[in-house]
Amino acid sequence: MNPHRSGEVPYMKWIGVASALGIATLAACSSPSEQSGSETAKSPDTSQDSVQGNSTNGAIVSDKARRIALDTQGIAPVGLTVRVKGIEIGTDATILDVSASYGGTDTNNVPLASDPTYLQDEQGNKLMLKPPKDNPRLHILRGQQMDGQLVFLGAVPAGAKALTLVINNNNAGDDLVAPGLSIPLKLDSAAR
């Protein structure tokens, strides 16, 4: 589906953000009430295996992955809202459970990854986003909400107490082409 073509709004998907890890979903609904009834899309080359302790497409994922519940939200003035609901810190990838929506009226869509999007640790190290093949810039249509997972390549240092999710690095929050947003994520309250 081409998100720029008019008339094709009812269902959009983010797929394959981590096919090597078996992660497959980010789906959009035209309204929050439709969210529970929508189907979750999956990439044909992914499996339904859990991230922890499985071999998926030849990649071994460690049982040492750590899951932390979060409830952090960032809002860009252009009308972009991103909520981070959880994080899974693994040895080869870091996965965020997110809900993103665009409620602005100045443009038809906004991307979450037109410019570099990454997780940054306290020392300034960056874990870059692994974009899905079918929507690499992660476009969200006006009035849409997307729920699912974003995968960042690499591991978070063991002693990290915080990360920052950086969306469209160095862009202003009112940028219509690619709004920027930084969301601090506190990890220190989680049991280790």
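I began with Gln-120, which stands opposite Lys-126 in β10. The two strands concerned, β9 (residues 118-121) and β10, pair in the antiparallel sense over three bridges. I take strands (E, at least two residues) and helices (H or I, at least four) as DSSP runs, numbered from the N terminus. Two strands pair if DSSP finds at least two bridges between them.

I note that this is a predicted model, in which local features need pLDDT of at least 70 and side-chain atom pairs count only at pLDDT 80 or more, while totals for chains, interfaces and linings use all residues. Residues are numbered from 1 along each chain as its sequence is written, and side-chain values use heavy atoms, with hydrogens and water left out.

**Sheet**

I then looked up the join between β13 (residues 162-167) and β14, which are antiparallel and linked by six bridges. Leu-165 has Ile-183 of β14 as its bridge partner.

**Strand β14**

I sorted the residues of β14 (181-186) by face: Leu-181, Ile-183 and Leu-185 are on the covered face, and Ser-182, Pro-184 and Lys-186 on the uncovered one. In a regular strand the side chains alternate between the two faces of the sheet.

I listed the contacts (heavy atoms within 4.5 Å) of Leu-185. Leaving aside neighbours within four places in sequence, Leu-185 touches Leu-70, Thr-72, Val-84, Leu-96, Leu-119, Lys-161, Ala-162, Leu-163 and Leu-165.

**Core**

I found 33 residues in the largest nonpolar core, where Leu-80, Val-82, Leu-96, Leu-165 and Leu-185 have the most contacts inside it. Such a core is a set of buried Ala, Val, Leu, Ile, Met, Phe, Trp, Tyr and Cys residues joined through side-chain atoms within 4.5 Å. Two or more of its residues come from each of β5 (66-76), β6 (80-89), β7 (93-102), β12 (145-153), β13 and β14. The most come from β6, which gives five.

**Positive phi**

I checked two loop residues. Leu-138, in the loop between β10 and β11 (139-141), has phi near 55°, a positive value in a residue other than glycine. Its relative accessibility is 0%, so Leu-138 counts as buried; buried means under 20% relative accessible area, exposed over 50%, and partly exposed in between (1.4 Å probe, protein chains only). Asn-168 lies in the loop between β13 and β14 and has a positive phi of about 50°, although it is not a glycine. Asn-168 is also buried, with a relative accessible area of 0%.

**Whole protein and confidence**

Among contacts between residues at least 6 apart in sequence, 63% join residues at least 24 apart.

The mean is 75, and 65% of the residues reach 70 or more. Over residues 1-25 pLDDT stays under 50, and the model has 90 contacts beyond four places in sequence for them. Over residues 27-62 pLDDT also stays under 50, with 74 such contacts.

Key
pLDDT is the predictor's confidence in each residue, from 0 to 100.
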